[in-house]
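Have the sequence and structure to hand.

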Amino acid sequence: MSEPPVTVGPPAPPRPPDAQQSAAVGVRTALAGNLNRRRLARGWSLRELSAATGVSKGLLSQIERAEANPTVDVLVRIADVLDTNCTDLLRQPLLQPEIVRAASLDEPEDETSVNLLYSGHEQGRIEIYRTRLHPHAQSQVSSHGADSVEYVLVMSGQVTLVVNDVPHLLEAGDTARFSGLSSHYYTTEDSPAVTHTIVGYPRD
């Protein structure tokens, strides 16, 4: 039996130059912070990292100041020496919570549907929680450490997620992810709520 034809939609329109430049700055900034953190965790100076990688001290300094666009070859050499990978070096922190509304999902009533909510690269330990909040309740204020990410799915009811003192109202079926380093907690109003949360931690 012949394979069914593959339908390919039109290519996505290119992002405007300002958006491209902003994205590039974000990647360079993330790389700068990740490299600096991993280097200092080993107690290495720029000179020592340069000797281990063969990358000049000047270029390493520019990378940590988010002023350089290193090649893939340079990134691979740095990642190998620091016992990590390029994905982790380029990983950007969640500066604001990302929320997916249940109402925005494509879920036809007459067929099975699958929606990718989030894709992450913690590659380390995870913790999974089920929480039931009574009416007019507040969870404990939490923070899980650098590079951790918390995911929450509201199973029933309505909760307000408060991240760094900024509230985000979540309905049943809504999901959110945010930096676990941020100070956060959950509250309810007149009705109880049930949430499932996953906290992902990096390998190191």
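## The core

A core here is a set of buried Ala, Val, Leu, Ile, Met, Phe, Trp, Tyr and Cys residues joined through side-chain atoms within 4.5 Å, and buried means under 20% relative accessible area (exposed is over 50%, partly exposed in between; 1.4 Å probe, protein chains only).

Strands are DSSP E runs of at least two residues, numbered from the N terminus.

This is a predicted model, so local features need pLDDT of at least 70 and side-chain atom pairs pLDDT 80 or more, while totals for chains, interfaces and linings use all residues. Numbering runs from 1 along each chain as its sequence is written, and side-chain values use heavy atoms, leaving out hydrogens and water.

## The sheet

Three strands make an open antiparallel sheet in the order β5-β4-β7; strands count as paired if DSSP finds at least two bridges between them. At the edges sit β5 (166–171) and β7 (184–187), each pairing on one side only.

β4 (residues 158–163) and β5 run antiparallel across six bridges. L161 sits opposite H168 in β5.

## A surface spot

What is I198: buried, partly exposed or exposed? I198, found in strand β8 (residues 193–200), is partly exposed, at 34% relative accessible area.

Methods:
Helix = DSSP H or I, 4+ residues; strand = E, 2+ residues; numbered from the N terminus.
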